[in-house]
Amino acid sequence: MASAALILLVFLSVQLPSRCLSLQNRPTKGQLDEWISLNVKQYNRKREASLRWMQESVKHKKQQVPAASSGLDPKLRNAEMNKMIISVSQDGSGNFKTIKDALASLPLYNKCRVILDIKPGVYREKINIPRNMPFVTFRGDSSNPPRITGNDTASAAGTDGTPLKTFQSGTVSVDADYFVAINIIFENTAPHVVGTAGEQAVALRISGNKAAFYSCSFYGSQDTLYDHKGLHYFNNCFIQGSVDFIFGYGRSLYENCQLNSVAKKVASLTAQKRTNTSILSGFSFKNSTITGTGAVYLGRAWGDYSRVIFSYTYMDKIVLPLGWSDWGKTIRDSRVYYGEYRCSGPGANMTGRVPWARILTDEEAMPFIGTYYVDGNSWLIHP
């Protein structure tokens, strides 16, 4: 028999398709206005620097400058004013026992923030949040974060018998916009055997726009975090892998993150796939730490115009002196944008770097070292 909570959710999704599921934890108008005011002030201070970078891109790359945002995303504002919480607990004390069941209870095209309060435990589930299910938040306990785990690989067979490929190998895949995760462990336990094909094993794929991750951990080996596309923000996160364990087309800022290599053979931290000059994408790492046991390049050029920047980052000795790899295609040497700014540690020694690595000036680094890099003024919210 369906629980009372499930019956209520189904009823509301039918009766109120254009409204929110609940109004729990609604912030006061004063609180919301104060947050917006502070956010806009911060944005205005950084807007000039951000636009300078866009204009430089136009001058040298012949691309158009996007219109600057003037305030909070109206869809997000409405969603944040109206929130509801659904609890997930394997012991039956919550509204649902599985994350899948909780997501299945939500109406499509939801317009309000829905927080899944996920209790501690190991959730062996393959999760997909479709494009028509925006404004979902996964929230765990900081002292005992829930672990969502799987072991699919690119070569594993899907339900139709054909290989999943990298895109569908993720333990958690998010296609929806406005996703947030707080205190969650995303894991893919499939090992990487050197020299074996088809072992890409994604812990999380994020393909939705305007997604943020706070104090989350990502465990895997080859292709741990598929930062596929969109504007993304990672704060105080732990990311572990071996080969290309942060990869994709995304335009993302990683702040205060720890990148941990477990590579058994020389590998790469990042594989950013910017394929032409009209794509405003790239990975920026700020105030982060690179540690581990396996020797790595900071990045290798998956795309001809790959863009990765490290600033104020501690680099342990596992970082190879060359620093960067063109993936065997020297034509990329004059096209990629690989920059380092005020980094420290034995791996940050620029003496042996490839000649096409950039030591950024203050002016060159400025566009990449604030949340304005991902247009955060219009969509980043405090967790």
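On a 1 Å grid over the protein atoms alone, a cavity is a set of points where a 1.4 Å probe fits but cannot get out, and lining residues have an atom within 4 Å of a point. Grid points are joined across faces, edges and corners, and a volume is the space filled by probe spheres set on the points. The model is predicted: local features need pLDDT of at least 70, side-chain atom pairs count only at pLDDT 80 or more, and totals for chains, interfaces and linings use all residues. Residues are numbered from 1 along each chain as its sequence is written, and side-chain values use heavy atoms, with hydrogens and water left out.

The count came to 1 cavity of 30 Å³ or more. The largest cavity has a volume of about 60 Å³. Its lining includes Leu-76, Arg-113, Tyr-178 and Val-180. Lys-210, Ala-212 and Tyr-214 also line the largest cavity, as do Trp-379, Leu-380 and Ile-381.

Strands were assigned next. Strands (E, at least two residues) are DSSP runs, numbered from the N terminus. Two strands pair if DSSP finds at least two bridges between them. Gln-258 stands opposite Thr-289 in β21.

Another open sheet, also of 8 strands, runs β4-β7-β10-β13-β16-β19-β22-β25, and its pairing is parallel. Here β4 (127–129) and β25 (324–325) stand at the edges; each has a single partner strand, so one side of each lacks a neighbour in the sheet. Strands β4 and β7 run parallel and are joined by 3 bridges. Ile-129 has Val-174 in β7 as its bridge partner.

Buried means under 20% relative accessible area, exposed over 50%, and partly exposed in between (1.4 Å probe, protein chains only). Contact means heavy atoms within 4.5 Å. Asp-244 lies in the loop between β15 (238–241) and β16 (246–248). UniProt places an "active site" feature at Asp-244, in an unreviewed entry. UniProt positions are given in the numbering used here, feature names are shortened, and annotations may be inferred rather than shown by experiment. Asp-244 is buried, with a relative accessible area of 6%. Beyond four places in sequence, its contacts include Asp-223, Ser-268, Arg-300 and Trp-327.

Val-202 sits in the loop between β9 (185–188) and β10 (204–206). Val-202 is buried at 1% relative accessible area. Its C-alpha atom is separated by 8.1 Å from that of Phe-167, 35 residues apart along the chain. Contacts of Val-202 beyond four places in sequence include Thr-166, Asp-223, Tyr-226 and Phe-247. Thr-166 is found in the loop between β6 (147–150) and β7 (172–174). Thr-166 is buried, at 19%. Among the residues that Thr-166 touches are Ala-154, Gln-200, Val-202 and Asp-223.

The structure holds 0 disulfides (pairs of cysteine sulfur atoms within 2.5 Å). Cys-216 is in no disulfide; its nearest cysteine sulfur, that of Cys-237, is 5.0 Å away. Cys-237 is likewise in no disulfide, and the sulfur of Cys-257 is nearest to it, 4.7 Å away. Cys-216 is buried at 1% relative accessible area. Cys-237 also counts as buried, at 2%.

Technical notes:
Helix = DSSP H or I, 4+ residues; strand = E, 2+ residues; numbered from the N terminus. 1 Å grid on protein atoms, 1.4 Å probe; cavity = no way out; pocket = protein on both sides within 12 Å on 5 of 7 lines; lining within 4 Å.
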